[in-house]
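Subject: Structure handover

Hello,

Here is the structure I promised to pass on. Please open it next to this message; my notes follow below.

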Amino acid sequence: MNRVTLFAMALLVCAGPAAAHQLSVFARVEDGVVLIEAAFPDGRPVATGTLRILDATGALIIEQPVTPPYPIRFAVGDHTDGLRIEVDAGGGHDNYWLLTPQDLN
C-alpha cells in the first residue's frame, strides 16, 4: 500500500467514531408552538436523554427528560428573541438547533 492509500484509510477510520456520535436535532415553529425532533444517524428517534431549551441570553428556560412521541412541543410564549434547543442522548450523542427571532415571530 502506498502512503496516500494509508492516509485515506486512516481518515475513514477516524471519521467513523465522530459520525457515530452525531445526533440530528430539528425544531420548527407552527402557530406559536416549537416542534422538536431528535434522531440518530440511522433514523431511530431518541428515546431517552435530556432536552434543554435556552433563551437568546443563554438562560435555561426548561430542562426535562426527552419524552417521545415526537414532535416534542414547547409554547414560544414571550421567548421571541431566539432559542437554543439542545438534546443530549448520553454517550457523547448530543446536538442543538437554533431558532432565530425570524423563526419565532
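This is a predicted model: local features need pLDDT of at least 70, side-chain atom pairs count only at pLDDT 80 or more; totals for chains, interfaces and linings use all residues.

Which side chain meets that of E37 in a salt bridge? The partner is R28, at 3.3 Å from N to O.

**Overall layout**

The protein has two helices and seven strands. Along the sequence the pattern reads α-β-β-β-β-β-β-β-α. Of its 105 residues, 25% count as buried. The accessible surface is about 6,600 Å², and carbon and sulfur atoms hold 59% of that. Take the contacts between residues at least 6 apart in sequence: 50% of them join residues at least 24 apart.

β1 covers residues 24-30 and β2 covers residues 33-39; seven bridges join them. Within that pairing, S24 sits opposite A39. The hairpin of β1 and β2 leaves two residues between the strands, and D31 there has a positive phi near 50°. On the other pairing, β2 and β5 share four bridges. L35 faces R73 of β5 across it.

**The four-strand sheet**

A second open sheet runs β4-β3-β6-β7, again with antiparallel pairing. Its edges are β4 (60-65) and β7 (94-99), each with a single partner strand, so one side of each has no neighbour in the sheet. Here the twist averages 15° from one strand to the next. β6 (residues 83-88) is joined to β7 by six bridges. L83 stands opposite L99 of β7.

**A buried loop residue**

Have a look at V76. This residue is in the loop between β5 (72-75) and β6. Is V76 buried or exposed? The relative accessible area of V76 is 4%, so the residue is buried, the cut-off being under 20%. V76 touches V29, G32, V33, V34 and L104, leaving aside residues up to four places away in sequence. L104 is 28 residues from V76 along the chain, yet their C-alpha atoms are separated by 7.2 Å.

**Salt bridges**

The count comes to six salt bridges. Side chains of opposite charge can pair when their charged atoms come close. In the E37 and R28 pair, both ends are partly exposed: E37 at 33% relative accessibility and R28 at 27%.

E63 pairs with R52, with the closest N and O atoms 3.2 Å apart. E63 lies in β4 and R52 in β3 (residues 50-55), so this pair ties together parts that are eleven residues apart in sequence. E63 is partly exposed at 46% relative accessibility, and R52 is partly exposed at 22%.

E86 forms a salt bridge with R84; their closest N and O atoms are 2.7 Å apart. E86 counts as buried at 18% relative accessibility, whereas R84 is partly exposed at 28%. Through shared partners, salt bridges link R52, E63, R84 and E86 into one network.

Best wishes

How values were computed: Residues are numbered from 1 along each chain as its sequence is written. Side-chain values use heavy atoms; hydrogens and water are left out. Two strands pair if DSSP finds at least two bridges between them. Axes are lines fitted to C-alpha atoms, for helices over the stretch in contact, and angles run from 0 to 180 degrees between N-to-C directions. Buried means under 20% relative accessible area, exposed over 50%, partly exposed in between (1.4 Å probe, protein chains only). Contact means heavy atoms within 4.5 Å. Accessible areas come from the Shrake-Rupley method with a 1.4 Å probe; for residues, only the protein chains shown count as cover. A salt bridge is a side-chain nitrogen of Lys or Arg within 4 Å of a carboxyl oxygen of Asp or Glu.
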